Amino acid sequence: MLLTSTVIMATFNGSKYIHDQLQSIFNQSILPTRVIIRDDKSSDDTAEIVNQFIDGNNLRASWDFKVNQKRKGWRENFISMLRQTETDVVFYSD
């Protein structure tokens with residue numbers, strides 16, 4: 001039986017490390033079925049880096065990125081993403 005998986009990633013002002021984190025998920029030998037990323041209104045260029053990574057690797061079909069309309073805080077950000085998952089396994093990434 002093949003399990004489906006989702007990685008949920010909350011971001012906030014993480015431009016210094018976000019590319020390496022995205023690359024790490026992308027380099028996994030077994031790729032997740034879906035990746036959900038929600039930025040909590042970063043004031044740096046985190047959102048731009050995420051969008052460039054997704055577009056540069058042609059991932060729009062399975063990677064879902066949005067910037068929250070208002071700040072939620074890390075806890076509510078993860079809870080909100082968890083509610084959107086429909087896979088067998090969920091991995092948290094922060």
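Five bridges join strand β1 (residues 5-11) to strand β4, and the two strands run parallel; strands here are DSSP runs of E with at least two residues, helices are runs of H or I with at least four, and both are numbered from the N terminus. The model is predicted, with local features needing pLDDT of at least 70 and side-chain atom pairs counting only at pLDDT 80 or more, while totals for chains, interfaces and linings use all residues. Residues are numbered from 1 along each chain as its sequence is written, and side-chain values use heavy atoms, with hydrogens and water left out.

**The sheet**

- Four strands form an open sheet in the order β3-β2-β1-β4, with parallel pairing, where two strands pair if DSSP finds at least two bridges between them.
- Strands β3 and β4 stand at the edges with a single partner strand each, so one side of each has no neighbour in the sheet.
- Neighbouring strands of this sheet are turned by 15° against each other on average, direction ignored; axes are lines fitted to C-alpha atoms, for helices over the stretch in contact, and angles run from 0 to 180 degrees between N-to-C directions.
- Within the pairing of β1 with β4, Thr6 has Val90 of β4 as its bridge partner.

**Helices on the sheet**

- Helix α2 packs on the sheet and touches β1, β2 (34-39) and β3, its direction making about 160° with that of β3, where contact means heavy atoms within 4.5 Å.
- Helix α3 lies across β1, β2 and β4, and runs at about 155° to β1.

**Aromatic rings**

- The structure holds three aromatic pairs; rings of Phe, Tyr and Trp (its six-membered ring) pair if their centres lie within 6.5 Å, and planes under 30 degrees apart count as stacked, over 60 as edge-to-face and the rest as tilted.
- Phe53 and Trp63 form a tilted pair, at 5.8 Å centre to centre and with 35° between the planes.
- Because Phe53 lies in helix α2 (residues 46-56) and Trp63 in strand β3 (residues 63-67), this pair ties together parts that are ten residues apart in sequence.
- Phe53 counts as buried at 4% relative accessibility, and Trp63 is buried with a relative accessible area of 6%; buried means under 20% relative accessible area, exposed over 50% and partly exposed in between (1.4 Å probe, protein chains only).
- The ring centres of Phe78 and Tyr92 are 5.4 Å apart and their planes stand at 45°, so this pair is tilted.
- This pair links distant parts of the chain, with Phe78 in helix α3 (residues 73-82) and Tyr92 in strand β4 (residues 89-93), 14 residues apart.
- Phe78 is buried, with a relative accessible area of 8%.
- Ring pairs also link Phe26, Phe53 and Trp63 into a cluster.
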